[in-house]
Structure formats: C-alpha cells, structure tokens
Amino acid sequence: MTTDDDIMDATFAALCKHGYADLTMQSIADEFDKSKSLLHYHYDSKEDLIVTFLDHLLENFLDEFENDSDADPLAQLQWMAEIVVGADEEGTDDIHVALLGLRAQGPYDGAIREQLVRNDRHIRDLIADLVRTGIEQGQFREDIDPEQFAALFRSAIEGAQSHEVILGEEAPTAVAIAGIEELLLDELLVDEAREGPTA
C-alpha cells in the first residue's frame, strides 16, 4: 500500500470517528502510522486533503464497476442501488454518515463543491452509459432517455441513502428500495422482459 493509500485510509477512519466538523489534520495524523508533517508535505490544508479523498472515493467506486463490467446493465444498476443505499450491509453506516457530512459542506466550500459536482457527473455518466448499453442489447426500452433516467435514478438512491442516515430506523428504506426496483428499474425493461415468460 502506498503512502497516499495510507493517508486516504486514515482520513476515512478520522471522518468516521469525528465527522467533518471536528476533523483536523491532527485527528487524521492520529490514524496514520507516519508523522503529521508527512500529511502537510502532501496536502496544504484539510480542504485540499478532503478534495483528494472525494476523488479517491470516486475512483474506487468506478473501479468496482469496471471489475464487474461483464454483468448485464440491469444487474449493475441493481447492484449500484444496493451499495449506495446499503441499509443491510455491515459497516455502511460509518461510510454514509461520513459522506453526508462531506456533502453538507458543498454550499459553503467551493473546492469541495466542485469535486462533488465532478463526482456526480461521473456517476450520472456511468448510469447513462449502462442504460445505453441495455438499449443496444435489446434489454431496455428504446424510448428511455439515458441522461434523464440517470438524473432520476441518482437522485432516488442518494435520497434513500440520506434518509437512512438522518432518520435511522424510522427511514422508509425498504419501501424506497422496492420503489426504485419497481418504478424505475423494471420500467427500463422491454415489455417481454418485464412480463416474464408466458405459460
């Protein structure tokens, strides 16, 4: 593992412990097995480090999809919904709380906002490309607008994730996931695929 990877891991651990508001270079250094001065050598400020961390999260997310590129588009979209909402997966609470804290800085911090915009654009492009592939393969309806679907799907899964973090057990997560499946993903399918085999 490189020093950069170590720093990203330390940043994540510190975010999970302290949240963004109480995050400092020292709290990150406390999770890092090398010196605090090395953090300052690589990053001028906490903001600079957080922008890099957000880019790191995006790269990891895109790499996961590249490694699973042989899966059909519907399966990939289903998997994306599951990992973004992630209500039943162990360890996702810390990740989602940390992400929500970072996103909340967007309106107040231009550099973080710019990176969040870049991340969002990349993920929406990925979703739109999956829809195009599904259309080309005859799995998805030809009248679906890939960019429109990408914006709606992205908003739906991010909203469900935020509700899960903010509302906890009171969040309608299971209902939201079922709605994403039925009202968004199933509606992508051509009629024959949606209806299933006939007797």
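Salt bridges join Arg 103, Asp 120, Arg 124, Arg 154 and Glu 158 into a network. The model is predicted, so local features need pLDDT of at least 70 and side-chain atom pairs count only at pLDDT 80 or more, while totals for chains, interfaces and linings use all residues. Residues are numbered from 1 along each chain as its sequence is written, and side-chain values use heavy atoms, with hydrogens and water left out.

Q: What makes the pattern of the protein α-α-α-α-α-α-α-α-α-α?
A: The secondary structure comes to 10 helices and 0 strands, and the pattern is what you get by reading these along the sequence. Helices here are DSSP runs of H or I with at least four residues, strands are E runs of at least two, and numbering starts at the N terminus.

Q: How do you know that Glu 158 and Arg 103 meet in a salt bridge?
A: The term asks for a side-chain nitrogen of Lys or Arg within 4 Å of a carboxyl oxygen of Asp or Glu. For Glu 158 and Arg 103, the N to O distance is 2.9 Å, so the pair qualifies. The partners come from distant parts of the chain, with Glu 158 in helix H8 and Arg 103 in helix H6 (residues 92-103), 55 residues apart. Across the whole structure, a search finds 9 salt bridges.

Q: Why is Glu 158 called buried?
A: Its relative accessible area is 12%. Buried means under 20%, exposed means over 50%, and partly exposed lies in between (1.4 Å probe, protein chains only). At 12%, Glu 158 therefore counts as buried.

Q: And why is Arg 103 described in another way, as partly exposed?
A: Arg 103 has a relative accessible area of 25%, which puts this residue in the partly exposed class.

Q: What makes Asp 120 and Arg 154 a salt bridge?
A: Their closest N and O atoms are 2.7 Å apart, and that distance meets the salt-bridge criterion. This pair also links distant parts of the chain: Asp 120 sits in helix H7 (residues 110-136) and Arg 154 in helix H8, 34 residues apart. Asp 120 is partly exposed at 23% relative accessibility, whereas Arg 154 is buried at 10%.

Q: Why does Asp 143 count as exposed?
A: Its relative accessibility is 57%, so Asp 143 falls in the exposed class. Asp 143 also forms a salt bridge with Arg 141, at 2.9 Å from N to O. Arg 141 is partly exposed, with a relative accessible area of 22%.

Q: Why are H5 and H8 called roughly parallel?
A: Two packed helices are described by the angle between their axes and the distance between the axes. Axes are lines fitted to C-alpha atoms, for helices over the stretch in contact, and angles between N-to-C directions run from 0 to 180 degrees. Helix H5 (residues 73-85) and helix H8 (residues 146-167) pack at about 30°, with axes 8 Å apart. Angles under 35 degrees count as roughly parallel, over 145 as roughly antiparallel, 65 to 115 as roughly perpendicular and the rest as oblique. H5 and H8 are therefore roughly parallel.

Q: Which residues of H5 and H8 make the contact?
A: Contact means heavy atoms within 4.5 Å. H5 brings Leu 77, Met 80, Ala 81, Val 84 and Val 85, and H8 brings Phe 149, Phe 153, Ile 157, Glu 158, Ala 160 and Gln 161. Leaving out residues up to four places away in sequence, Glu 158 touches Val 84 and Arg 103.

Q: How do you know that H5 and H7 are roughly antiparallel?
A: H5 and H7 pack at about 150°, with axes 9 Å apart. That angle is in the roughly antiparallel range, hence the description. Pro 73, Gln 76, Leu 77 and Met 80 of H5 meet Ile 123, Leu 126, Ile 127, Leu 130, Thr 133 and Gly 134 of H7.

Q: Why is Leu 74 called buried?
A: Leu 74 has a relative accessible area of 12%, so this residue is buried. Leu 74 lies in helix H5. Setting aside neighbours within four places in sequence, Leu 74 is in contact with Gln 139, Phe 140, Leu 185 and Leu 189. Phe 140 is 66 residues from Leu 74 in sequence, with their C-alpha atoms 8.6 Å apart.
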